[in-house]
Structure formats: structure tokens, C-alpha cells
Amino acid sequence: MRSRMIGGFWSGVLLLFCTFESGQPSCPVETIKTELKNPNEKPSQLTFNSAFMSPIVHSFLGSVQPKPFPKDLLVGFIKGSGTTQNDMIKEVLLYEVGFLVCVAIGILYIVLMPLIGLFFACCRCCGNCGGRMHQKQKTNIHCKRRSFYCSTFIITALILAGNVCMFLSSTYTSETVMGSPTELKDILENVKSYVTTVPEQIRQVTNESVTTVDKVEYNLNETGPLLGKSIQNGLKGALNPAFTSINEIAKVINSTSTGLLQLNKTLDLLKPKVDALQANLSAVRQRINNTLHLSDCVNCTSFQPELDKLSLDGSLDFSDSNDLRSAVDKAINANVTGQAEKGRDFFDSIPQKVKTQTTTSVILAKYELDKLRKQISGVTKDLPLDVLDTISRPLADVQDSISKYSPEIEKSSQISRAIGLTLSCLILLVVICNILGLLLGTAGLNAKDNPTERSGTSNCGGIFFMAGVGFSFLFSWIFMLVVLILFIVGGNTYTLVCKPWQNKELIQVIDTPGLIPGFNLSQMLNLKTNLSIVNVYSDCQNNKPLWTTLHLNEVFDLNNMLNVSQYERQIYQTFEDANINIATITVLSPEVKSQLYNFSSSASTMNFSNIILQINDVSGTNLSSAAQSLDDLAGKQTKNISEQLRGEAKDLRDIQTDITSNIMPLLLELNATIKNLSAVASQINATVEDVLKNAGYAQDILNYNISQIVKTESMSFIDCQLKIFQAYVSWANQTITERMGRCGPVAAALDRSVDLLCKHLVGSLNAFWFSLGWCMIFLIPSIIFSVKLAKYYRRMKYSDVYENNNIRMHSFPKAHLKPELFGK
């Protein structure tokens, strides 16, 4: 008995192990899919290419100022220490020597051009400097004219190209000035959006923590259904087969009982009829026997053997069914189905029992959850969000100021457009004079005409050339003054601001310790690391989060803030100490087992083959052949004996008809009932054995392992809840350190501001003065060649004899001439 119990115990353990391996559901921890809100970003509206001349302008400025960025000079100037004012001025002049040379050249241009123009005008009035309307006719006059023409054409084309660039750069400059308020407000709006988005992202993390705590709290409130379901799953593998087997054997018992009832019912109908037929057949046999023994019956003894065989075989005695009937009745009285229903009720009541017995543990766990909720909420409360509010308010003030001054900026844009257009038109006026001079001079010139007889068209061309020269002398020095002013402003802005900003040299100057009093990022954030603006700017350009950019790990111990292990241990201990007691039940009582054994034994001892043999004996009775033999014998007898034999043959046929009509249907029904009972009985032994085995396994699990199952499932339930917290902690840690507050929008806003200043405004402004200076430089050769070329087209007042030295002249004959020739 002891070895049987040990075997049952280890069988139950093995079954439990298999149950956990195959049927235990995994913890449904969902991945957090909360997407952090991203700041709204307004794209730039300045889409035109205002820096189309930047390469050539930057190359020129690089030649003018090849020296590196004066970091030390700038730092010393800002700090106001180190050198005297005179030394500082000397260093500045030494650094700006390239610009000073260009300024000197510009001043010379401004001074000399009006003076030269004045002297030129006076010289022309005196008849010099090409003012005398006389042109010598030489052999290379046409070649010189063509050379001057080509030179003037090329120079005019170069001036026109510079004029086109002037017009474009002036347009871009005015458009940049016009769009700068909107662009600046959009830049500030992007920064404000970023500043307001960071607290919202923090609130998302906090709200997710509240959602996580609420989810776990809901699961704890639903301990009965959730934990009870898990315990049911742990027991299902052992109890379900037992309950299923009990239900199956109950069906078998009911089927057997129904079959036996049908058997008894059929026998009750069949036995009286069989007895009556046997009595009638005995009487008929006696009469036939008496007739056969009459002395007048001829050769009647030959029928005696066949007469001896006339009987209704089969007693239909089914005494074995009584034992089976008794076993079935006892099994039904044992209420096997009720045993299965009790097991099912016990199984279904587990969730309610778990809920009732874990009430105290749930209350304690919820108390720990409240403390955990406060700790997680405190993580975001320690972050310096007030700094973001102090940043947001000044940004709004700046936007209001920009909106306030937008009308003045628009007016300045219109003024700059008008000035640029005026300057471009004045340069275009010189270009038009040159072009008209080239066109009209060429169209009206005839090389064979005498210079004093040139056409009016050609003369107009020459006059246009001189008009262009006059305009050049009149406006060029003013234009050079504009070039000089814009060159000093735009060139120095590029070399001292834009270029060093692009090379990050200007940021390094700003990052110089002590340059800005009281400004130290590391001290402001209480960092051990020396945090530089250059590193912050580079990290923001790479769109890194604030946690990495500002090294907040040195200020906040995030792992400690998100450490929920102490609360996890407390909750775990609370449920570990919970006494969840699920009383066991008896799957099958000893009485039920005894009745099932008796039922199986009775079913195995019942001889269904003997019963079927008896039925076949009764159904195999055939009196028709004997009746036919009597008819044949009656044909050989006298009339009296023949009539008796024929009457007795008729009686046999009547009995056979009665068997066929009344006995055979009942025999067929009885045969079907016996076959069904035989089929059911053939399964009884295996079914009972399966029931007893499964019930034994289930009983061993309930007796030895249910407490361990309850404890294991309870710990698995708590582990599942803690995994939800662990998933949140992992998500929160990753979100705060890798995703929250990506400062790319701040760097983008700063880059857009620099692009607005350098690429659009300074770039177009530099392009304008460079184009204007280009035109001013080429105005000098334009004046020279225009003056030279004008004389080839204007109508001269004095003519010159044209001598062709290439014509061979013959010597005049004198001595040998006849005297009469002179007389003529």
C-alpha cells in the first residue's frame, strides 16, 4: 500500500511538471507604444538662392583677408584687458590691412574719377583729348576701329553681366529684408514649440506611469478571476481527464441501464407468446403421433423421425442479465455523475476562493502601489522645468517686438529695392548708350565715306558713346562710395561673423571662460564635466536628447529614481505570505470505485454469445417442411386418414405463421438490443480502468501538489505584475535618456538664423556691392574705348587727304619729253 502511494505521488508530480511545461500561459506584458509628442516645425519661406555669387565673392574676400580669425584679439577687446588702446588699434589696423588697401583704392577712385572727368571735359572743350573734329586717314584705320569695337563690346557685355547681378542681388536683398520678420518669428515659434513640447513629453512619461500603476491595480482587484484562472490552468491538466472519464463511464452506465431495460421489456412480451406456441406445438405433435399409429395409416412410421424433431427450441433464459442489472443499479445509486458535478463545482469555485482569501494581500499591495506611484511621479518633478518657462516668455516678447517693427522693416525693404533698382538703371543707362553706339555706329558707317560726310546714324552712335562716357564720369564716384560702404560692412560681417561661425571659431570665442561674466554651463547645471557650448551645439546638430547633451546623468541618478525593487520585494512578500487554502475533494469515493469494479466484473461475465445462440434457435424453427411431408403422406392414405393428416399439416402451418408474424419481430428487436449491449459491454472494462487511473492521478495531485500549485501560480501572477513595472521602467529609462528633449530644433533654429543673416542677407548684400564694384572697374576701360571708338563714327569738321602708299608711282618724264607737251 505504501509503495502504491509513493508511486501515485511521483506520478502526480510528473503530471504536474508536464502540465506546467505545456499549459502554463505566458505573462501578457504589452510593449508600451506611446509616441512622444514632437515639436511643430515651420519650414523656411526663403527658398530663393540669394547666395548665387557667394563662391566668387568669398574668394575675393579670402584674398583681401587671408589672415585667420583673430580670436585672441576679439577676446581681449571684449574683456578690455591685456593691451592698451593704442596697441589694440594697431592690431585691428594690422588685421584689417587688406580691407584698408581696398578702401584706399576706393577713395582714390572716388576722388580721381570726378577730377579726371572735369579735366577731360575741359580738355575736350579746348579741342584736345579727342575734342578736335579731325581724323587722320591712315592705312590701319579700319583695323583700329574693329579692335576698339570688339573691346568696347566685350567690356559692355561684362558691365551688363555685372548689372544683371546687381539687379538680382538687389531684388534678393529686398526680399530677404521683407521676409526676415516672418522668418524670425517662425524661428522663434519653432524654439517655443520645442520649449513647450519638452514638458509635455515629461507629462507623457508621468501619465504612462499612472497608466501602468492603474493597470497593475486593476489586475490586483481582479485577483480572483486572474489568479484563480491560473490555478485552474495548473489543475486542468490533471482534473479534466478525470472529470471527462467520469462523465464517459456515467454515459456507459446509463447506456447499459437503458439496454437492460429494453431487454427486459422485450422478454416480457416474448416469453408468453413463446410458451403458448410451445403448448400448441405439443398438442399438434400428439395428434400427429396418434394419427401415425392408426392401423389404417400406410407406411406412416416413416414420418416418425421427422415428428420427433418438431419442437420450438430455445428457452430464452437470460439469468446473467440479472447480475448485470444489479451492478448497474448499484452504480447508478452510487451517483457517478454527481461525483463529476461535485468536481466541476470545486474547480469552478477556485476563483471565488482565491479572491476571498487574497483580500488582505491585495490591500497591502495597493498600499505599496500608492507609494510607488508617488516615487515615479517624483522623478519628473525634480527636473528643472522652470527654466523652460523663463525661456518661453522672452521669446514671446521678442516675437511681439518683431511684429511691432514689421511695418518699418517693410518700408526699409521697399527703400532698398528702390535704391538698388535706381543704381541698376543708371548703370544700365551707360550700357544702353554703349549698345546704341555700337549698333548705330555700325549701321550708319560707310568705310568709303569721307569723315566729314558720315551719316547721321553713325554720328548718333558716336554721340551715344560720349553720352555713356559722361554718365560714367558723373555717377561712377557716387557708385564707388556705395561700394565702399557696403564692402566695409558686408565684407567684415562675413569674415568676422559668418565664416568663423561656419568654422565654429566664433562659438569657441563665446565659449571662452570668463568672457561672459557669470555664464558657466557646468556650474549652472552643477556638473563635474566641463560642458562647452561647442559640444552642446554639435550634439544638438546631431539631434541628441537633453539627457546626453547636458550630461544630466551627473545631476540626476535616474536608476535610483526608477528603482522599484524595494516595492517589488514588498508586494512579492505580501503574496508569498498569503495563505490561499483551497480544500481538496475526493474525486471518486471508495464506494463508487467498488461499484465500478462490480459493474466492470458483471459486464465481463455476461455471456452474450449464449443469449444470441438461444435467439437463433428460436428464430431457426421451421414447421413448413414437416407440414409438406404430412401432405405428401396424406396423398397415400385413405380418405379419413388423409383428411386427418392434412388437418394436422394445416395446424403446423398456422403455428409457423404465428411464429413469423408474432415471434420473429420481437426476436429481431431482442437480437439488436443484445448486440448493442454487447458493444457497450466490450468498452466497459477499458472505460472503468481509464476512469480509475485518471481519478487516481487527479486525487494524487489534489492530495500532494495543490498547495504547491497555488503557491507557484501566485508567484507567477505577482511576477507578471512586476514585469509590467519592469517594462515601464525600461521604457521610461530609454525614453528619458534617448528620446526626450531631442534638441535638434534648437540647433536648426540657430542655423536658420545664421542662414538668414549670412546666406540671404549678407550674401545678397555682398553680391550687390561686388557686382556694382565690378561695373565700376570696367567703366574705366569703357570710358577709354568709348572715347576712342566715338571718333570713328562721329561726323568730322575737317577732312584729311587719304594717301595710299601701297600704289606704285612712276617717275615723271622730263628730259625726254617733247616740248609741245608742256605747251598743253
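This is a predicted model: local features need pLDDT of at least 70, side-chain atom pairs count only at pLDDT 80 or more; totals for chains, interfaces and linings use all residues.
Two helices, α6 (141-221) and α13 (386-444), each give two or more residues to the patch, and α13 puts in the largest share, five residues. Helices are DSSP runs (H or I, at least four residues), numbered from the N terminus.

Take I432, which sits in helix α13: at 36% relative accessibility, I432 counts as partly exposed. The cut-offs put buried at under 20% relative accessible area, exposed at over 50%, and partly exposed in between (1.4 Å probe, protein chains only).

Residues are numbered from 1 along each chain as its sequence is written. Local features need pLDDT of at least 70, and side-chain atom pairs count only at pLDDT 80 or more, while totals for chains, interfaces and linings use all residues; side-chain values use heavy atoms, with hydrogens and water left out.

On to the cysteines. The whole structure holds two disulfides, taken as pairs of cysteine sulfur atoms within 2.5 Å. One joins C498 to C758, with S to S at 2.0 Å. That pair ties together distant parts of the chain, 260 residues apart, with C498 in helix α14 (residues 456-502) and C758 in helix α26 (residues 744-790). The torsion about the S-S bond of C498 and C758 is about -95 degrees, so this disulfide is left-handed. Both C498 and C758 are buried.

C540 and C743 form a disulfide too, with their sulfur atoms 2.2 Å apart. Here again distant parts of the chain are linked: C540 lies in helix α17 (residues 533-541) and C743 in the loop between α25 and α26, 203 residues apart. With a torsion of about -105 degrees about the S-S bond, the C540 and C743 disulfide is left-handed. C540 is buried at a relative accessible area of 7%, and C743 is buried at 1%.

As for other cysteines, C122 counts as partly exposed at 41% relative accessibility, whereas C433 counts as buried at 5%.
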